[in-house]
Every structure is written in C-alpha cells, then in structure tokens.
Amino acid sequence: MATIDYDYKIDVIRDKIEEIGASNVILQFPEGLKVDAMDVADRISEVVDDVNIIIDADPCFGACDLADNKVNHHIDLVVHFAHTPLPIKTECPTLFIEAHSSADVEVPIKDALSSLDDDVKTIGLVTTTQHIHKLDEMISLIEDEGYIVKLDNGMGTSQAQVLGCNFTSIKNLDVDVIIYVGSGDFHALGVKLFTKKPVLLADPFTGKSRDIEAFYDKILRVRFARITKAKEAKSYGIIISSKKGQLRFDLAISLQNLIKKHGFKVKLLNMDYISPDRLLPFDLDAFVMTACPRIAIDDSAMYKKPVLTPGELEIVLGIRDWDDYQMDEIIIHDEQTWVMANFIIN
Ligand code: SF4
C-alpha cells in the first residue's frame, strides 16, 4: 500500500496557470516523486493550451531549493511538490502542492505511550510536513490516555512542525517527554539536542516507536571525532550555497574572518549541488558548511575530510565548549532575511 496519499491537484495547477496567464511552467519534485513527473506533466498539458511544461530534473531537497530563477528567468510559474512553503521571496509565482502520508499514526503512538514511566504527565508533540494533517488525531490519542499534550508554534514553521533545519517549535516546551511522529532519526536527534529531554520516535511507516538515546550517543561520538580531527587543520573551505533558502552569505563571511583571525588559511566555495567529489580539487584540510545543516551530519561518512557545522567550528577554535554543542539551524526571520540561531559569532 502506498504510504504517500498524493493528490497532484491538477485542477489547482490549471487554475493558477490560467489566473496568471503563465506560458512557461516548471515542475519541481523531490526524488521520491520524480517517477510521476512525466505523467503529471502530461495531465497538466491536457487541461491547458499553449503552455510549456518543464520538468526540473535536478535534485530537490526542500522548499529552500526553489527553481524560480532557473532556465534564465523564462519561468512564469513554479509548481513545487511535497514541501510546505518557507517565507522566501521568490522571483516568480510559486505554487506549493504538499504531500501527506496516509500511514497510520495510532499504532506507533500507542507503542510509544506504552513504554512511558508512571511519573510522566506532560508530553511534547512534534512531527513533519508528511504527517502534520493528522495532528488533531495525534493529540487525541495522547490525551485519551490521560496525558497533557503541549505544542508550540515555530518561527517559519506551523504548530508542532519541525524541519531538518528548524527546531523552533520545541525549544520552549516544558514537558517530561517528547514524542516525535515521523520516520527520520535526524529530526528526532535535533529535538533531543535542543531539549535534552527523553525523545521517543513514533514511526508511522513501521508502526513502532523507539528511544532516540542510542542514536544520539552515536552521532555525538562521531561529531566529537570529526571535531578532534579538525583541530589539526591548517586550512578551511567555507561552503556557501547558491540555493536561495540555504544561502547564509553573512555567516560565511563572518566565519572566514574568524578563521583568518586564528591564523589559518581559508577559501570561500560557492556550490549548488554539494557532494564529496566536488570538493576533491581543493587542497584544504577541513570544510565548514553554511548550506543545509543536514549535510554535515547525515552525509558525514561520505566525506574523507571533516565537514563541520558553524557551531562545531566554534568548538574547534576554542570559542564554544563541547558541553554547549547544538544542532545547526537556518531560521527564517522575515520574507527576505535568514538569521542564524545559537551562534556566538555575530
Ligand atoms: Fe530541508 Fe536542508 Fe532545506 Fe532545511 S535547508 S528545508 S533541512 S533541505
């Protein structure tokens, strides 16, 4: 059975095309939905006249990565599938068609609740875009067992929603335990790092729950090893993303100045698609990632040289304590400004 209950909303797309009189439309799909791209393009072409439908075949990782300035600005409309919008200023109209999962949340949540100690009274609840449409059901399931559920609005996210780069919805929760409903360890790890509370991952795709503690310990050991290795570095590359929602230019310049101040060589590297082979030509000892925060953590094993988050660089340079380790975040502040949270550097 499909786990994504996906309605491509062809009628909504047609109405938008007609409303703005678009001639050139680009479709953006995450990797898991690209297999449907040609069919969706055909279905749109059937309901509109004289419109060029372009499929963006490049990787697409999130709403931070919009195709609004591709094809040399010939695009009149971007249709971006599966992600919730971020308040980024776009160069042309962008229509977001979200993807919701049909996977059951009851079984994994009940599994998580069955593992709680008797003294647990309050539970923080967070989830991702895929499951957010079931938030009311999740709350009821937990409250029906006699617990108090606490939720918060994030900055740039909706209530109880976390992104891989934005954990603002959980930082102020005063609870005994947090239940994260979703499948990826990374989000649960972020929740744990920011709250230091017990975090249970309730996975709708497996129907099971698990404590994130062991994964948290493992990742911290890996990060400690990368930081230790980076302490030998004499030269750094600072990676700047050309993706609009991942671009932290001012941060990159601040990091460059900081590294220079500590007497090390540093180069700024602009990249769009970031991968280990693209770093090979550069004879540098370590890299600092100002693009998507997930890359340094999730893809760590793929890189031979240390790839650090900005906060980890601070630890390497001795201006942050290991005990104050935090996940990197990109938090939107207003329509045009991305601000950096949790860093000592201004
Ligand atoms: Fe996802 Fe990374 Fe983009 Fe944040 S920056 S939305 S974690 S791909």
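A word on the source. This is a predicted model, where local features need pLDDT of at least 70 and side-chain atom pairs count only at pLDDT 80 or more, while totals for chains, interfaces and linings use all residues. Residues are numbered from 1 along each chain as its sequence is written, and side-chain values use heavy atoms, with hydrogens and water left out.

Now the whole chain. The C-alpha atoms fill a box of roughly 60 × 55 × 35 Å along the principal axes. The chain has ten helices and 17 strands. Both are DSSP runs numbered from the N terminus: helices are H or I with at least four residues, strands are E with at least two.

Next, cover. Buried means under 20% relative accessible area, exposed means over 50%, and partly exposed is in between (1.4 Å probe, protein chains only). By that scale, 53% of the 346 residues count as buried. The chain exposes about 16,000 Å², and carbon and sulfur atoms supply 49% of that area. Such areas come from the Shrake-Rupley method with a 1.4 Å probe; for residues, only the protein chains shown count as cover.

Contacts matter for what follows. A contact means heavy atoms within 4.5 Å. Take the contacts between residues at least 6 apart in sequence: 65% of them join residues at least 24 apart.

Now the loop. It runs between strand S8 (148-150) and strand S9 (177-181), and Phe 167 is found there. Is Phe 167 buried or exposed? Phe 167 is buried, because its relative accessible area is 0%.

What does Phe 167 touch, once residues up to four places away in sequence are set aside? The list holds Val 162, Phe 186, His 187, Gly 190, Val 191, Phe 194, Met 327 and Glu 329. Helix H5 covers residues 185-195, and contacts of Phe 167 include Phe 186, His 187 and Gly 190. For a distance, take Gln 246. Gln 246 is 79 residues from Phe 167 along the chain, and their C-alpha atoms are separated by 16 Å.

Asp 176 also has its place in this loop between S8 and S9. Asp 176 counts as partly exposed, because its relative accessible area is 31%. Which residues does Asp 176 touch, not counting those up to four places away in sequence? They are Asp 119, Val 120, Lys 121, Thr 122, Lys 197 and Pro 198. One of these partners shows what folding does to sequence distance. Asp 176 and Val 120 are 56 residues apart along the chain, yet 5.8 Å separates their C-alpha atoms.

Step past S9. Gly 184 sits in the loop between S9 and helix H5. With 24% relative accessibility, Gly 184 is therefore partly exposed. Gly 184 and Trp 322 are 138 residues apart in sequence, and 25 Å lies between their C-alpha atoms.

Now compare a helix residue from elsewhere. Ile 10 has its place in helix H1. Its relative accessible area is 10%, so Ile 10 is buried. Leaving aside neighbours within four places in sequence, Ile 10 is in contact with Val 40, Arg 43, Ile 44 and Val 47. Ile 44 is 34 residues along the chain from Ile 10, with 6.2 Å between the C-alpha atoms. Lys 9 lies in the loop between strand S1 (4-5) and helix H1 (10-20). Lys 9 is not a glycine, yet has a positive phi of about 50 degrees.

Last, the cysteines. A disulfide is a covalent bond between the sulfur atoms of two cysteines. Here the test is a pair of cysteine sulfur atoms within 2.5 Å. By this rule there are zero disulfides. Cys 92 is in none; the nearest cysteine sulfur, that of Cys 60, is 14 Å away. Cys 92 counts as buried because its relative accessibility is 8%. Cys 165 counts as buried too, at 18%.
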